[in-house]
Amino acid sequence: MAQNYDVVILGGGTGGYVAAIRAAQLGLKTAIVERERLGGTCLHKGCIPSKALLRSAEVYRMANKTASEFGVEITGVTLQFNKVQARKQAIVEQLSQGVNTLMKKGKIDVYEGTGRILGPSIFSPMPGTISVEMRNGEENEMLVPTNVVIATGSKPRGMAGLTVDGKYVMNSDHALQMEALPTSLLIVGGGVIGIEWASMLCDFGVAVTVIEYGPTILPAEDADIVKEVTKQLENRGVRIVTNARLNTDSFKIENDNVYISAKLQDNEERFEAQKLLLCVGREANIHGIGIENTDIEIDNGFIQVRDSYQTKESHMYAIGDVIGGLQLAHVASHEGLCAIEHIATGKVAPLNVLQVPKCVYSFPEVASIGLTESAARENGHVLKIGKFPFKAIGKALVNGESDGFVKIIADEKTDDILGIHMVGPHVTDLIGEASLAKLLDATPWEISQAIHPHPSLNEVLVESALAVDKRAIHF
Ligand SMILES: Cc1cc2nc3c(=O)[nH]c(=O)nc-3n(C[C@H](O)[C@H](O)[C@H](O)COP(=O)(O)OP(=O)(O)OC[C@H]3O[C@@H](n4cnc5c(N)ncnc54)[C@H](O)[C@@H]3O)c2cc1C
């Protein structure tokens with residue numbers, strides 16, 4: 001039997017389930033369709049499990065290397081990777097339970113199955129009826145919504161000529177499920193995901209080589225920050241090879257090892273490791289969801305939307321990774337909220353990408369918001385820049401982690417903050433303050449006038465804000 005809804009959300013990842021909660025809060029009769037598990041990539045194959053592994057790697061590094069600097073001698077440190085994985089999974093399961101509870105609390109109907117958009121049919125003269133092939137084998141459900149939100153997310157991108165078998169050639173989904181660590185690993189792709197894995201596996205004692213096609217790792221980050229991360233990773237033993245064009249025809253598996261060549265700037269090199277991890281981006285889940293039954297437009301593999309997140313079919317919205325742009329969990333959930341506000345009120349304040357914080361949870365951590373220095377210059381701004389190192393922050397020294405710095409880029413004439421870039425301890429938390437400052441359109445001086453506790457890492461923001469006008473106190 002067909003069920004009618006105000007909103008049906010296709011895909012229960014971070015974007016989809018947050019949208020469902022807001023829709024229910026606004027009194028809309030809401031259903032969500034999920035083919036795997038609510039929480040999607042972020043909870044099951046992305047943000048949370050990768051950060052849980054990174055945290056174990058950090059503890060291992062500290063026990064092995066830095067604890068003695070604190071006067072704490074630890075002997076016989078061993079890594080029990082099965083426990084590392086079990087801890088990660090327990091966190092995922094706890095949060096997963098939480099999402100299920102939120103659905104019940106919001107009285108949101110959850111359909112566990114694969115949804116597909118139908119064209120005009122006996123159920124509705126407009127496209128948008130969702131047919132759900134139920135996971136438990138029960139008869140298909142038909143959901144007839146007034147509005148649809150497509151939130152089907154993304155999956156790891158492959159590379160022509162390389163077969164991802166999950167054993168020798170992995171993507172991040174496979175890597176998260178590894179039962180044992182390899183002794184050596186080639187990571188193809190020096191973007192955020194590749195660098196997080198490089199940092200984590202290096203801490204776990206794996207010999208890591210990052211092979212990057214472009215001239216630098218983390219191409220979206222400010223050049224000064226990239227330089228610092230590269231230096232710190234290399235100091236810890238990660239080999240970073242840039243401007244490398246892989247020859248996938250040369251790929252071989254021999255004696256339980258993988259071999260692949262790459263053309264570098266001046267020569268060709270043959271790389272060898274136990275496994276290869278492909279981190280070359282993510283493609284939108286647009287296949288098999290019935291797009292062909294609609295007028296929805298696709299460009300470059302992503303669903304096209306307006307500022308309101310409406311597709312060309314104005315009662316069908318799309319949000320999150322499936323529309324491309326910044327493929328981040330907090331972007332997906334924000335877009336989900338915007339789409340629902342638009343459904344409920346006809347109004348929306350579109351997401352401003354310059355106000356979105358971006359983080360890399362490697363060691364060192366990286367966090368940024370707004371324009372890089374080169375983008376700001378290209379946009380014609382005359383700049384004033386304040387930089388402040390963590391080594392002049394007392395709390396960083398107390399914590400024993402004082403490498404890195406904060407860089408604030410402001411417009412010389414208007415005093416507007418154009419970008420804040422951080423590399424160093426806990427910057428993925430510190431960036432929250434920068435995000436608030438950007439939202440409230442604060443000037444560097446206003447940041448410096450907020451009283452910050454001492455000693456705290458947050459003082460780095462005060463000092464770098466003061467440094468914009470050459471007024472830093474402690475450096
Ligand atoms: C290793 C890794 C680490 C990451 N770390 C971070 C991080 O630290 N911070 C951050 O902000 N982002 C991170 N991301 C990115 C983040 O996970 C995504 O941006 C986010 O999950 C996107 O949310 P979404 O709702 O758009 O899609 P998804 O989370 O991908 O959810 C889409 C859901 O739709 C379901 N679905 C698809 N098709 C159908 C269908 N036909 N019927 C029913 N259900 C369907 C899928 O099963 C999935 O559950 C990471 C990603 C990876 C891979």
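Modeller: Let me start with a term: helices (H or I, at least four residues) and strands (E, at least two) are DSSP runs, numbered from the N terminus. This is a predicted model, in which local features need pLDDT of at least 70 and side-chain atom pairs count only at pLDDT 80 or more, while totals for chains, interfaces and linings use all residues. Residues are numbered from 1 along each chain as its sequence is written, and side-chain values use heavy atoms, with hydrogens and water left out.

Colleague: Thanks! Where does Tyr309 lie, and what makes its phi worth a mention?

Modeller: Tyr309 sits in the loop between strand S17 (302-303) and strand S18 (316-318). Its phi is near 70°, a positive value in a residue other than glycine.

Colleague: Which residues are closest to the ligand?

Modeller: Glu34, Thr41, Lys51, Asp321 and Ala329 are the closest of the 39 residues that surround the ligand. A residue is counted as near if one of its heavy atoms lies within 4 Å of the molecule.

Colleague: How much of the ligand does the protein cover?

Modeller: The protein covers 96% of the 990 Å² of accessible area that the ligand has on its own. Such areas come from the Shrake-Rupley method with a 1.4 Å probe; for residues, only the protein chains shown count as cover.

Colleague: Which helix gives the largest share of the shell?

Modeller: That is H2, with four residues; H2 spans 40-45.

Colleague: How do you know the angle at which H3 and H4 pack?

Modeller: Axes are lines fitted to C-alpha atoms, for helices over the stretch in contact (heavy atoms within 4.5 Å), and angles run from 0 to 180 degrees between N-to-C directions. For H3 and helix H4 (residues 81-105), this gives about 140°, with the axes 9 Å apart. Residues in the contact include Ile48 and Leu53 of H3 and Ile91 and Leu95 of H4.

Colleague: What is the peptide bond from Phe363 to Pro364, cis or trans?

Modeller: Cis, with omega near 10°; Pro364 is in the loop between strand S19 (358-360) and strand S20 (365-370).
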